[in-house]
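Please find below a few numbered remarks on the structure, written for a colleague who will be working with the coordinates directly.

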Amino acid sequence: MDAQYNLEGRADEKIERFRIRGMHCANCASTIENAVAPIPGVIDAHVNFAA
């Protein structure tokens, strides 16, 4: 898994991007979004299955 850390906007906000392998369908992407979204501190979670 690769991660990129970028500071944008406020100093206490951070965008993290992860390369996830093994997704087979759009439902996999939805499952990951729904699992990550409720984690404390997460403002938004998006998975791009096509990428």
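Which cysteine sulfur is closest to the sulfur of Cys-28, and how far away is it?

1. The model discussed here is a predicted one. The closest cysteine sulfur to that of Cys-28 lies in Cys-25, at 3.7 Å, which is too far for a bond. Because a disulfide would require the two sulfur atoms to be within 2.5 Å, the count of disulfides in this model comes to zero.

2. A search of the whole structure for salt bridges returns one, and it joins Glu-16 to Lys-14, with 3.7 Å between the closest N and O atoms. Glu-16 itself is partly exposed, its relative accessible area being 36%. In general, side chains of opposite charge can pair when their charged atoms come close.

3. With regard to secondary structure, the protein contains two strands and one helix, and their order along the sequence follows the pattern β-β-α.

4. On burial and surface, 4% of the 51 residues of the protein count as buried, while the accessible surface amounts to about 4500 Å², with 53% of that area belonging to carbon and sulfur atoms.

5. Finally, among the contacts in the protein with a separation of 6 or more, 11% are accounted for by residues 24 or more positions apart.

Notes:
Residues are numbered from 1 along each chain as its sequence is written. This is a predicted model: local features need pLDDT of at least 70, side-chain atom pairs count only at pLDDT 80 or more; totals for chains, interfaces and linings use all residues. Side-chain values use heavy atoms; hydrogens and water are left out. A salt bridge is a side-chain nitrogen of Lys or Arg within 4 Å of a carboxyl oxygen of Asp or Glu. Buried means under 20% relative accessible area, exposed over 50%, partly exposed in between (1.4 Å probe, protein chains only). Helices (H or I, at least four residues) and strands (E, at least two) are DSSP runs, numbered from the N terminus. Contact means heavy atoms within 4.5 Å. Accessible areas come from the Shrake-Rupley method with a 1.4 Å probe; for residues, only the protein chains shown count as cover.
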